[in-house]
Amino acid sequence: MLRVFHVPSHLSYVAKLAGPAFAPTPSPAGRPLQIGELAAWPSWDFFDVAHLHSVELATINDIERLAARAASEKKRLVFTAHDLVPDIERDRAAFDRKTALTASRAAAVATLTEPAALKLARSIGVPESAVHVIPHGAALPLSSLEDRTIAGQGVAAFGALRPNRDLLALVRAWATLPARPPLQVLVRSVSAADRDRYASVLAELDQVGRAEPELRISTRSDVVPPDDLASWCRQSSVLVLPYRHITHSGQLELARDLGLRVLAPDVPTLRAQLAQGPPCPTEWFPLGALDEPNRFADHLQRTLSLPSPERDGSELRRHRTAEHRWLLDAHHELYFQHRPEKM
């Protein structure tokens, strides 16, 4: 059994990457390790492959040290570029340099969609065929796809506080609707530093939440467990992704798996996430709409009018089951260098 250590290791995405020949291995620290911490960890005997999913919160030196140690210890280094623009960091040029460096030192490079693969290949100067395309796959366990019961007709948005996620733009647009459906906002993984950095955002959310009985704001310092998050989402019928810039979002898979309608940025890489499989009713908004509450409210109103997805989930289960088998084959290629047929 090949042991794969994922960085960051707390991602729910990696739990599904367990096959007959490989499986995720837990962090020896009992918590997620950053790239720099892994590079300096005393012993690497606990894994065979290091699989990086992000270069954010690392430095160029961290990546250099990790790649050098992987070479000296003969450990395979794999990189999945989920994001082609930074979600957390503000220095785009530094992010691009780290992405290019990691891709150049990795034994295999992947991303989530064909448009992202083309963009990544051009940015790092390799043929598009050198970049593997492997989607997220199911957001929920396959056994849970039978439950697509929606308890409410409201609107939901969730996520950590980040420069690219504008929860206030959604709240301001929602407030202009003549008939406001219930809106619930979950702000998760709020650290002490976030409370300082985003004090004005949190204050405005709290103020509007106190004034609007149809708005529920929940703030948590931890990452919400997947089952709890799914139950929370099922209280609404629409999931909003209020991103100012984005390459991909696992929230799209979550919305499809739960049977929610979606309001999402009109970005080619996001559209490609929903290109295969059963339809997911989606309203696509131009990024500039977030700056105009009335315009964004129009998109929100159209989302509320979209047809509901099928409720029994039979077509989705068939798609996700086949997709999961292919996803394991594709990761087998990353780890063992065999090439399966494309899905």
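Start by selecting Lys 75 and Phe 47: Lys 75 lies over the face of the Phe 47 ring, 5.3 Å from the ring centre. A charge counts as over a ring if NZ of Lys or CZ of Arg is within 6 Å of the ring centre and within 35 degrees of the ring normal. This is a predicted model, where local features need pLDDT of at least 70, side-chain atom pairs count only at pLDDT 80 or more, and totals for chains, interfaces and linings use all residues. Residues are numbered from 1 along each chain as its sequence is written, and side-chain values use heavy atoms, with hydrogens and water left out.

Next, pick Trp 174 and Arg 180. The charged end of Arg 180 sits over the Trp 174 ring, 5.3 Å from its centre.

Now for the pairs: the structure holds 7 of the aromatic kind (Phe, Tyr or six-membered Trp rings with centres within 6.5 Å; planes under 30 degrees apart are stacked, over 60 edge-to-face, the rest tilted). Select Phe 22 and Tyr 335: their ring centres are 5.1 Å apart and the planes sit at 75 degrees, so this pair is edge-to-face. Phe 22 is in strand S2 (residues 22-24) and Tyr 335 in helix H12 (residues 314-336), 313 residues apart. Helices (H or I, at least four residues) and strands (E, at least two) are DSSP runs, numbered from the N terminus. Both Phe 22 and Tyr 335 are buried (under 20% relative accessible area, 1.4 Å probe, protein chains only; exposed is over 50%, partly exposed in between).

Last stop: Phe 285 and Phe 296, an edge-to-face pair at 4.9 Å centre to centre, with 90 degrees between the planes.
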